[in-house]
Amino acid sequence: MAANMYRVGDYVYFENSSSNPYLIRRIEELNKTANGNVEAKVVCLFRRRDISGNLNTLADSNAREFEEESKQPVLGEQQKHQLKHRELFLSRQFESLPATHIRGKCNVTLLNETDVLAGYLDKEDCFFYSLVFDPVQKTLLADQGEIRVGSKYQAEIPDKLAEVESDTRVQEKLETKVWDPNNQLKDPQIDQFLVVARAVGTFARALDCSSSIRQPSLHMSAAAASRDITLFHAMDTLQKNSYDLAKAMSNLVPQGGPVLCRDEMEEWSASEAMLFEEALEKYGKDFNDIRQDFLPWKSLASVVQFYYMWKTTDRYIQQKRLKAAEADSKLKQVYIPTYTKPNPNQIMVPGSKPGMNGAAGFQKGLSCESCHTAQSPQWYAWGPPNMQCRLCASCWIYWKKYGGLKTPTQLEGAARSGSESGPRGHMTRQEVQGLSPFTRNEGRAKLLAKNRQTFILRTTKLTRVARRVCEDILQPRRAARRPYASINANAVKAECMIRLPKAPKTPAKSKVVPRQSLANIVKDLAVSAPLKLKASRGPPTPINRNQASQPRVGQSLLGKRGFDSASGMPFPANGRPYSSGMRTTSQSVIKRQKVSQGEAPNPVVFVATKDTRALRKHLTQSEMRRAARKPHLLVRIKLPPPPRSLAMPLLPSSTSEPIVLED
């Protein structure tokens, strides 16, 4: 019962994933939500696997310095490996997690010089930390709240003097005398002098403009003059004047005016006090961070003095009462029952109870990846699924609690020169970036120096046949319009095997068609379709490329004109001219893209012969469109019988033979 009761300040395990290790958090608050659930506001603690490789190197150097300074006993390689799993990094990052995800308690302590590192390995659920991790800045810093315990922090006490031996040390160099209790003044005389010092302080505040604004009333000025700073000044004045009241009175009120003594409570403005309270609420008594983030113009001594003076005010008492009332309204503890649901990573044989060896799809005879045992009451899948790694029950619990394996393995990063990390299947983003060659300059240079290797994805014959045979199932046009939709290739191939006819026992003989040489084909083309250049009818019209103000109707990248404006006047699709009041969409000026000479493609011109243009006249409009959509198909043209007086040697005599048009 007590083990399942969690209170504010406890260090606990949180589970956010069934395969990843537990998160270690410290409970700061327990809040009840509107729907009745309990949420825990926690402080985040990070493991070594959660930080980058550079920060791991920094943590290793800090650990070596600690071992040298504290003179730790020599540890084995396996003990050093497991000790890294016990090290945590504190942070100031808060988050809210459901209390039902708590999986147990643990103990986290600040590492001291008197601690023996091997002692943490002997205790279950025991961790330590010495550095603070900033998740935003990605930095590791020493904890400012270090407890200075050790030989170098102890005072050196000199040997005791003998009874006859005298002290030869100079007392003025060792200490400063500020008050002599054996003076000639009596206590009533000292009290009267202190009253006079308070009155002088009140009068000095009345003369000071800034003080009169801060303490506008007489009561406030008298209360400020009665603070300790005024009394310390009065007693110091008596000590300096050898307890002569007449000389001390004259020093309280010199020729320039009365002496005004103000402490940090008076020096600070109201806005600065509000900033201090806000910083104290955020950082606590971490005065270094309070000064750095909120009050950089103040000294550290000034911040500390103001804190202890602020604790004597009514403002501190009011805030303390408000916090006490707020704490009473919040939950002090919460009971979380033991989590008994089975883990999805358990390996079980289908139809058997949990806890049996073996698994469907897992090879038999595989041992534990950590301790290499072959027998366990329960196995758990671990690491990338394609590697089929598994852990025994005890190693799985160790992995969930400590975020690593008992022995270093290749998957866990033993090949990375001792840097601690989880398996690649459970690596964090920072670790992946640290392993990637793109994140290092030398790796990036080596990678860029290599030439890019091309690769070809070649389909099999069965796949190419299935595209033709099962076109109704595959629907290639629909699949081309929806490239994100998946296609069941196995079903298509299975249907193709059913539809394909059975192969004959004797292979079919293929008829080899003899082909002419390339030189003969070129000669035949030159004779059949010679290229005739037409003479220019007039001088060429120069093209002014800077005439950007002229409208370019339907021009593309190469400056071609649209069909509707080929004659110089724009016409609509129906052939009727536009009226003067109508505006065409093609009249808008299209900004021509400038193409550099180096990037411009080589011009390619296709010149149709007279025979080709004559053949086009025998095609209908639908046949022309069909030929344009499917240029790879042959075009069949039915020609009328030619007159006997004309001869067309280039055309075939049979009208059933296809004629391929090239434009």
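I count a residue as buried when its relative accessible area is under 20%. I need that cut-off for the first entry, and I keep in mind that this is a predicted model.

**Entry 1: S302**

I looked up S302 and found its relative accessible area to be 6%, so S302 is buried, being under 20%. I placed it in helix α13, which runs over residues 300-310. Next I asked which residues S302 is in contact with, leaving aside its neighbours within four places in sequence. I got E264 and W268. With E264 there is also a polar contact, side chain to side chain, at 2.6 Å.

**Entry 2: the whole chain**

I stepped back to the chain, which has 663 residues, and noted that 29% of them count as buried. I found 24 helices and twelve strands. For contacts with a separation of 6 or more, I noted that 61% are between residues 24 or more positions apart.

**Entry 3: cavities**

How many cavities of 30 Å³ or more does a search of the whole structure find? I got two. I followed up the largest cavity, which has a volume of about 70 Å³.

I then went through its lining. From α5 (187-207) come four residues, the largest share. Helix α8 (228-240) also supplies at least two. The lining includes A197, V200, G201 and R205, along with T230, H233 and A234. I also listed L252, V259, L260 and C261 there. By type, I have seven nonpolar residues, three polar and one charged in this lining.

**Entry 4: positive phi**

I checked backbone angles too. Most residues other than glycine have a negative phi, so I wrote down two that go the other way.

Y243 has a phi near 60°, a positive value, and is not a glycine. I found Y243 in the loop between α8 and α9, the latter spanning 245-252. Is Y243 buried or exposed? Its relative accessible area is 7%, so I put Y243 down as buried.

Q475 is also a residue other than glycine, and its phi is positive, near 50°. I located Q475 in the loop between α19 (471-474) and α20 (476-481). I logged Q475 as partly exposed because its relative accessibility is 39%, which falls between the 20% and 50% cut-offs.

Terms used
Residues numbered from 1 in each chain as written. Predicted model: local features only at pLDDT ≥ 70, side-chain atom pairs only at ≥ 80, totals over all residues. Heavy atoms only, no water. Buried < 20%, exposed > 50% of the residue type's maximum accessible area, 1.4 Å probe, protein only. Contact = heavy atoms within 4.5 Å. Polar contact = N/O pair within 3.5 Å; in protein donor to acceptor, adjacent residues only side chain to side chain. 1 Å grid on protein atoms, 1.4 Å probe; cavity = no way out; pocket = protein on both sides within 12 Å on 5 of 7 lines; lining within 4 Å. Points joined across faces, edges and corners; volume = space filled by probe spheres on them. Nonpolar A, V, L, I, M, F, W, Y, C, P; charged D, E, K, R; others polar.
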